[in-house]
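Hello,

I am passing a structure on to you, with some notes on what turned up in it. Please have a look at it first and then read on.

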Amino acid sequence: MLERPRVVINVGASVDGKVALTRDALLMHQPSTDLWAAMTPPGADPVPLDVLELLKQQYGCNAILEGSGSLVTESETPEELPPYDGDAADLYEHFLPADITQLLSPPLMWFVVVDSRGRVRWTENHENWAVLVLVTRSTPAAYLAYLHREHICYLVIGEVQVDLERAIAAMGTELGIRCVMSAAGGGLNGALLRAGLIDELYVTLAPALIGGLGTPSVMDGSPLAVGEAATRLQLLSVNADTSGSVRLHYGVPGSG
Ligand SMILES: NC(=O)c1ccc[n+]([C@@H]2O[C@H](COP(=O)([O-])OP(=O)(O)OC[C@H]3O[C@@H](n4cnc5c(N)ncnc54)[C@H](OP(=O)(O)O)[C@@H]3O)[C@@H](O)[C@H]2O)c1
């Protein structure tokens with residue numbers, strides 16, 4: 001059996017475990033970006049670490065994973081796409097154009113986004129980065145046609161939601177991805193937890209409290225059943241700085 005790529009979560013949170021200020025505003029948009037940064041006063045000995053760079057060196061990490069929730073809020077209505085009037089059957093096959101997949105990775109890095117509902121519109125290109133969208137057999141044909149037109153790679157894995165276990169495995173077999181760093185919010189990270197796919201976790205706590213029931217946290221997703229045990233972690237390192245930030249690094253015993 002082929003080994004699946006290693007999955008490492010890298011997340012920033014308040015001390016009460018929130019990863020956003022509210023569910024209605026993305027951290028990548030103002031005013032949240034500045035408000036989030038302001039939670040961490042400048043320290044003389046800051047703990048933030050370039051986890052991606054570390055994982056590149058340690059495991060040959062060549063992919064970042066994000067959920068659609070990092071790029072579009074649930075309350076947003078994405079720009080409408082023209083209906084697809086061709087034979088949709090061909091669209092529901094993986095789309096991996098050779099001119100992209102033949103590039104050496106690294107230096108090519110994959111920006112992988114789970115988006116079964118086809119909500120993200122792609123407007124930016126970054127040198128040495130290629131986008132891979134994870135979609136399913138329920139993703140609207142108009143969205144898959146849009147990805148074809150934009151020459152954006154996708155894998156079709158799952159019926160309604162993306163089957164994360166198969167998707168992570170396919171990233172290895174189809175694209176040679178060895179390690180993926182999840183930079184997602186609580187929805188996707190919680191789903192990775194429930195699927196038993198997390199190998200390591202970096203959490204950088206900012207010295208601040210956010211509060212708010214329903215505000216995304218480090219791990220959301222479906223709750224444990226009554227009597228079901230938590231996932232135990234093994235502490236690998238802890239670093240604190242004079243600003244009050246704390247970086248925790250854990251391994252998940254028994255994972256890949
Ligand atoms: N502090 C940080 O480090 C950090 C990092 C990232 C994001 N954020 C913030 O966190 C917020 C977003 O968090 P969020 O929890 O709303 O979004 P999220 O983590 O993106 O969660 C939603 C994503 O998870 C997928 N998903 C959920 N359950 C699933 C399952 N069972 N199987 C397969 N896929 C599943 C959804 O798929 P579909 O799209 O297919 O429905 C969607 O792509 C934003 O405000 C963002 O700015 C903070």
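Which element gives the most to the shell around the ligand? Helix H6 does, with four residues. Before the rest, some background: this is a predicted model, in which local features need pLDDT of at least 70, side-chain atom pairs count only at pLDDT 80 or more, and totals for chains, interfaces and linings use all residues. Residues are numbered from 1 along each chain as its sequence is written.

**The ligand**

The ligand is surrounded by 27 residues, and Gly67, Gly69, Ser116, Gly185 and Gly187 are the closest (a residue counts if its C-beta atom, placed from the backbone, lies within 6 Å). Strand E1 (6-14) and helix H6 (186-194) are the elements that give two or more residues to this shell; helices (H or I, at least four residues) and strands (E, at least two) are DSSP runs, numbered from the N terminus. Domain 1 (1-61 + 185-256) and domain 2 (62-74 + 81-177) both give residues to the shell, so the ligand lies between them; the bounds come from an automatic or database domain assignment.

**The sheet**

Nine strands form an open sheet with mixed pairing, in the order E5-E4-E3-E2-E6-E1-E7-E9-E8. Two strands pair if DSSP finds at least two bridges between them. At the edges are strand E5 (153-156) and strand E8 (234-240), each pairing on one side only. E1 and strand E7 (residues 200-206) run parallel, joined by seven bridges, and Val8 stands opposite Glu200 in E7.

Enjoy exploring it!
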